[in-house]
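This note sets out, point by point, what may be read from the structure shown below. It is intended to be followed with the sequence and the model at hand.

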Amino acid sequence: FSPGVFEYDDGASGRRLAAALDETNVVISGSNPVERGRVAQLYVNGLGRVVTAVPSGEPASLTQLNPTVTVPEVRIGGVLAPVQFSGLAPGFVGLYQVNVQVPAGVPTGIQPLVISTGGQTSQTSQIAVR
């Protein structure tokens with residue numbers, strides 16, 4: 001295990017934010033924060049084994065989800081966020097997707113985000129919350 005959150009430079013906030021999509025598949029950004037209670041699709045690596053092994057260099061199935069054996073813990077603004085799915089991102093090679101519901105108790109604005117699994121914790125990333 002070696003979880004890591006992919007990030008990008010967000011011009012709207014002037015910060016590096018977690019590479020994440022909202023429920024309409026639009027990038028979560030300073031100008032499009034995720035709403036509390038809604039789902040954020042996070043893109044990460046290092047989450048370990050999946051239920052069905054995929055040959056190295058091959059993309060994950062587009063038709064059958066392939067979850068991780070160990071479900072990670074995600075915290076947004078220090079609040080535990082319920083994980084709805086953790087597994088290989090469909091159609092991609094070596095990319096994991098973690099869908100989390102942003103808790104109602106998370107403060108608004110740019111919030112810290114960390115993922116932990118198998119005794120390892122990612123770098124602290126950031127996500128915009130409304």
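1. The first point concerns T68. Its relative accessibility is 5%, and T68 therefore counts as buried, the cut-off for that class being under 20%. The model is a predicted one, and the values below should be read accordingly. T68 is found in the loop that joins β5 (39–45) to β6 (73–76).

2. The surroundings of T68 deserve attention. A polar atom of the T68 side chain lies 2.9 Å from the backbone oxygen of T70. If neighbours within four places in sequence are left aside, T68 is in contact with L47, R49, V50, S86, G87 and Y96.

3. The relative accessible area of L95 is 14%, so L95 is classed as buried. Not counting residues up to four places away in sequence, L95 touches F6, Y43, V44, G87, L88 and A89. The sequence places L95 and A60 35 residues apart, while their C-alpha atoms are 8.6 Å apart in space.

4. P103 may be considered next. It belongs to the loop between β9 and β10. With a relative accessible area of 12%, P103 is buried. Residues up to four places away in sequence being excluded, P103 touches R36, G37, V79, L80, A81 and P82. P103 and G57 are separated by 46 residues in sequence, and their C-alpha atoms by 35 Å in space.

5. The overall architecture can now be described. The protein has 12 strands and zero helices. Its pattern along the sequence is accordingly written β-β-β-β-β-β-β-β-β-β-β-β.

6. How does the radius of gyration relate to that of a compact globule? For 130 residues, a compact globule would have a radius of gyration near 14 Å; the protein has 14 Å, so the two agree. Along the principal axes, the C-alpha atoms fill a box of roughly 40 × 25 × 25 Å.

7. Of its 130 residues, 42% count as buried. Among contacts with a separation of 6 or more, residues 24 or more positions apart account for 54%. The accessible surface of the protein is about 6,500 Å², and carbon and sulfur atoms contribute 51% of this area.

8. In soluble globular proteins, nonpolar side chains tend to be buried together. The largest nonpolar core here has 24 residues, of which L42, I76 and I127 touch the most other members. At least two residues of this core come from each of β5, β6, β9, β10 (109–117) and β12 (125–129).

9. I76 illustrates how one member of the core is surrounded. Its neighbours within four places in sequence being left aside, I76 is in contact with A81, V100, V102, V106, Q111, P112, L113, I127 and V129. I127, listed among these contacts, is also one of the residues that touch the most other core members.

10. Charged side chains form the next topic. Side chains of opposite charge can pair when their charged atoms come close. How many salt bridges does a search of the whole structure find? The search finds four.

11. Two of these pairings share R16. E7 forms a salt bridge with R16, in which the closest N and O atoms are 3.4 Å apart. D9 also meets R16 in a salt bridge, with an N to O distance of 3.0 Å. The relative accessible area of E7 is 26%, which makes E7 partly exposed. R16, at 41%, is partly exposed, whereas D9, at 60%, is exposed.

Methods. Residues are numbered from 1 along each chain as its sequence is written. This is a predicted model: local features need pLDDT of at least 70, side-chain atom pairs count only at pLDDT 80 or more; totals for chains, interfaces and linings use all residues. Side-chain values use heavy atoms; hydrogens and water are left out. Helices (H or I, at least four residues) and strands (E, at least two) are DSSP runs, numbered from the N terminus. Buried means under 20% relative accessible area, exposed over 50%, partly exposed in between (1.4 Å probe, protein chains only). A polar contact is a pair of N or O atoms within 3.5 Å; within protein, one must be able to donate a hydrogen and the other to accept it, and residues adjacent in sequence count only if both atoms are side-chain atoms. Contact means heavy atoms within 4.5 Å. A salt bridge is a side-chain nitrogen of Lys or Arg within 4 Å of a carboxyl oxygen of Asp or Glu. The radius of gyration is taken over C-alpha atoms; the globule rule is 2.2 Å times the number of residues to the power 0.38. Accessible areas come from the Shrake-Rupley method with a 1.4 Å probe; for residues, only the protein chains shown count as cover. A nonpolar core is a set of buried Ala, Val, Leu, Ile, Met, Phe, Trp, Tyr and Cys residues joined through side-chain atoms within 4.5 Å.
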